[in-house]
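Dear colleague,

Please find the structure below, together with its sequence.

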Amino acid sequence: MKWPNGKYVFYFIQIILIVLLIIFNVLNDCLINKTMTSILHFIIGGIAVCCLPRILFCFNICTHGLISLSLIFWGICETFYGYLQLYGCIDSNNYLYKLTGSFQNPGPYAGFLATIFPLLLQFFLQKSSIKNKWFRLPMILLCNIGMLLLLSILPATMSRAAWLAAILGSGVVLAKYYKLYDRLRLLIAKHKIITVSSFCILGLLVLALCIGIYYLKKDSADGRLLVWKVTARIIVEHPWFGVGVGGFSGAYGKAQANYFASGEATEQEEYLAGSPEYVFNEFLQIAAETDSVK
């Protein structure tokens, strides 16, 4: 028997995965949460995940460029959206924060912008590879303007995780472009003592920076730790199907109340208690709502 074209097999597998994902999460929400909330965004996310292999492995350079430019354009639009909120021209999507972009919280907003900055940097560094001069100049202007906008709006989000993500992402881009790994290997071979000493000093500086970032918003960091601790209890209490997509907020309130009633909580944790809608950790969020991690 002759196998069908591999392209159609790939499409068929994608469709099956999407259908199974939709069925599982619809049943999960109906049986556990008795609601259909958040199903739409989960379906969209599932489709994106199922199509990701084709985006990563089956595109040509033109498709890659169009996807990257679309993300860059979206990121720049988000920065303008954020500036309008900062200057009071439009309201944010959360009354607790002045700056959220099109998101519900400044954390995800800053995280999205942090992923766009290394992409802009990559395009800027590779500007010489653009042969068409009519396209090269607009790209250089777009990258310069985009990076300046992102650098100016990211500090206003007060998201330390986003700052670190932008720095680390940019570091990876620079290391790959300038071949820093090969240069570092040669430097270590020639000057071992100086290189090791430099790394020790750099490590101390990074440690001091991390401590400073922690104390910049200490209560916020401690609050995140409390959320993660309570979420871990939710995962233990619902080991098979989780609490259902969109059911985290309600389950968290009950789990937090039980945690405080147990007498294990500290006074600081009682002071920091709240009712978050997100875990601010994708792995814990998925594990708590669907237990897909297991």
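Among contacts in the protein chain between residues at least 6 apart in sequence, what share joins residues at least 24 apart? The share is 67%, where contact means heavy atoms within 4.5 Å.

Before the details, two notes on conventions. This is a predicted model, in which local features need pLDDT of at least 70 and side-chain atom pairs count only at pLDDT 80 or more, while totals for chains, interfaces and linings use all residues. Residues are numbered from 1 along each chain as its sequence is written, and side-chain values use heavy atoms, with hydrogens and water left out.

Overall architecture and confidence

The protein chain has twelve helices and zero strands; these are DSSP runs numbered from the N terminus, with helices being H or I of at least four residues and strands E of at least two. Of the 294 residues in the protein chain, 30% are buried. Here buried means under 20% relative accessible area, exposed over 50%, and partly exposed in between, with a 1.4 Å probe and protein chains only.

The mean pLDDT of the protein chain is 78, and 75% of its residues reach 70 or more; pLDDT is the predictor's confidence in each residue, from 0 to 100. Two segments deserve mention. Over residues 1-5 pLDDT stays under 50, and the model has one contact beyond four places in sequence for them. Over residues 32-38 pLDDT also stays under 50, but the model has 20 contacts beyond four places in sequence for that segment. Where pLDDT is low, the predicted coordinates should not be read in detail.

Nonpolar cores

A nonpolar core is a set of buried Ala, Val, Leu, Ile, Met, Phe, Trp, Tyr and Cys residues joined through side-chain atoms within 4.5 Å. The largest one has 26 residues, of which I72, L113, L120, F123, L150, I153 and L154 touch the most other members. Helix 3 (61-86), helix 4 (106-125), helix 5 (133-157) and helix 6 (160-177) each give two or more residues to this core, and helix 4 provides the largest share, twelve residues. Leaving aside neighbours within four places in sequence, L150 is in contact with T79, L113, I116, F117, L120 and P155. A second, separate core of 15 residues includes F248, Y252, V279 and A288.

Aromatic pairs

The search of the whole structure finds eight aromatic pairs. Rings of Phe, Tyr and Trp (its six-membered ring) pair if their centres lie within 6.5 Å; planes under 30 degrees apart count as stacked, over 60 as edge-to-face and the rest as tilted. W74 and F112 form a tilted pair, at 4.5 Å centre to centre with 45 degrees between the planes. Because W74 lies in helix 3 and F112 in helix 4, this pair ties together parts that are 38 residues apart in sequence. W74 is partly exposed at 42% relative accessibility, whereas F112 is buried at 13%. F103 and Y109 form another tilted pair, at 6.2 Å and 55 degrees, and Y109 is buried at 0% relative accessibility. Ring pairs link W74, F103, Y109 and F112 into a cluster.

Polar contacts and a helix cap

Q256 lies in helix 10 (residues 248-261) and is buried, at 8% relative accessibility. A polar atom of its side chain lies 2.9 Å from the backbone oxygen of G274. A polar contact is a pair of N or O atoms within 3.5 Å; within protein, one must be able to donate a hydrogen and the other to accept it, and residues adjacent in sequence count only if both atoms are side-chain atoms. Beyond its neighbours within four places in sequence, Q256 is in contact with L226, V230, A273 and G274.

N281 caps the N-terminal end of helix 12, with a side-chain oxygen 3.1 Å from the backbone nitrogen of F283. Within helix 12 (residues 282-289), Q285, A287, A288 and E289 are buried.

Backbone angles in two loops

M158, in the loop between helix 5 and helix 6, has a positive phi near 55 degrees and is a residue other than glycine. M158 is partly exposed, at 33% relative accessibility. K179 is not a glycine either, and has a positive phi of about 55 degrees. K179 lies in the loop between helix 6 and helix 7 (180-190) and is exposed at 56% relative accessibility.

Yours sincerely
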